[in-house]
Amino acid sequence: MDHQELEEGVEKVKLLGIWSSPYVVKVMWALSIKGVEYDYIEEDLRNKSNLFLECNPVHKKVPVLIYQGKPIAESDVILEFIDDVWKDSGYRILPEDPYERAMARFWSKFGLDKLSPPIWKWFTTQGKEQEDAYEAAMEQLLVLEKVLDEKKFFGGERIGFVDLSLGSLSYVIPIYEDITGVRLITSDKFPRLSAWMEGFLGLPLVKEHLPPLDKLRPRYQAIREAFLSK
């Protein structure tokens, strides 16, 4: 029997999420790399289901992966779990080399802790505060530009852990740029990152699980207006 086929009596994998979450999308990408079939359950975070609250009572956030009836929360934790459970399917998302694995985790955390905050602040503020956030974001993007070096993806010739973790930037930043009328990533300032974004978005498995961008743009527009009106 194929590795992905379900044995009799084994519960199918479930993924709890919301359509707009970049953290949910990256789990979908990882499951696609491994060829894992799963049931997706859309949650309403304003009216959380009993299943969701039982599966993630601590953080009450998406995504949650349910494997053989056991829940796993936090997107990067889920990515590592997927890579370990289906280690013989698709290809390894995390590098085999211990040092490279550590570096992949480091740069994933860099994106969350160092890069995302100034980009979000740039998008949701104005005036001097926005200008300062823009400069801070550019500084961190330059760091990533150097890390990418001459590689096609952060994972090398194919996408890996860091690409999945940073992947939402490839479609979110263009939306932010369109709404604000300001370019953050240009091919002259960041040629490698620009090429990475284009290459990442061009992958069939990425395109297959992108959230509907026509719905995402007005959602972010409304969020920005709400922040600016405070």
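In this predicted model, helices α4 and α7 are roughly parallel to each other, because their axes cross at roughly 25° and angles under 35 degrees count as roughly parallel. Helix α4 spans residues 98-124 and helix α7 residues 169-180, and their axes come within 10 Å. The crossing of α4 and α7 is left-handed. On the α4 side, the contact is made by Leu115, Ile119, Trp120, Trp122 and Phe123. On the α7 side, the contributors are Leu169, Ile173, Tyr176, Glu177, Ile179 and Thr180. By class, this contact of α4 with α7 comprises nine nonpolar residues, one polar and one charged.

Helix α4 also packs against α10, at an angle of about 75° and with the axes 8 Å apart. The pair α4 and α10 is therefore roughly perpendicular, since angles of 65 to 115 degrees fall in that class. Trp120, Phe123 and Thr124 of α4 meet Tyr220, Ile223, Arg224, Phe227 and Leu228 of α10. The residues of the contact of α4 with α10 divide into six nonpolar, one polar and one charged. Trp120 and Phe123 of α4 take part in the contact with α7, and Trp120 and Phe123 are likewise listed in the contact with α10.

| Helix pair | Axis separation | Angle |
|---|---|---|
| α4 and α7 | within 10 Å | roughly 25° |
| α4 and α10 | 8 Å | about 75° |

Helix α5 covers residues 127-148. Its 22 residues reach 31 Å from the first C-alpha to the last, close to the 32 Å expected at 1.5 Å a residue. The buried residues of α5 are Gln130, Ala133, Tyr134, Ala137, Met138, Gln140, Leu141, Leu144, Glu145 and Leu148. An α-helix has 3.6 residues a turn, so residues three or four places apart point the same way. The cover over the buried residues of α5 includes α4, α6 (161-166), α8 (191-201) and α10 (213-228). Just after α5, Asp149 takes a positive phi of about 55°.

Elsewhere in the chain, His59 lies in the loop between α2 (50-55) and β3 (64-67). Ile179, one of the α7 residues in the contact with α4, is 120 residues from His59 in sequence. In space, His59 and Ile179 are 31 Å apart, C-alpha to C-alpha.

Conventions:
Residues are numbered from 1 along each chain as its sequence is written. This is a predicted model: local features need pLDDT of at least 70, side-chain atom pairs count only at pLDDT 80 or more; totals for chains, interfaces and linings use all residues. Side-chain values use heavy atoms; hydrogens and water are left out. Axes are lines fitted to C-alpha atoms, for helices over the stretch in contact, and angles run from 0 to 180 degrees between N-to-C directions. Helices (H or I, at least four residues) and strands (E, at least two) are DSSP runs, numbered from the N terminus. Angles under 35 degrees count as roughly parallel, over 145 as roughly antiparallel, 65 to 115 as roughly perpendicular and the rest as oblique. A crossing is left-handed if the near helix is turned anticlockwise from the far one by less than a right angle, and right-handed if clockwise. Contact means heavy atoms within 4.5 Å. Ala, Val, Leu, Ile, Met, Phe, Trp, Tyr, Cys and Pro count as nonpolar, Asp, Glu, Lys and Arg as charged, and the others, Gly among them, as polar. The expected span of a helix is 1.5 Å times one less than its number of residues. Buried means under 20% relative accessible area, exposed over 50%, partly exposed in between (1.4 Å probe, protein chains only).
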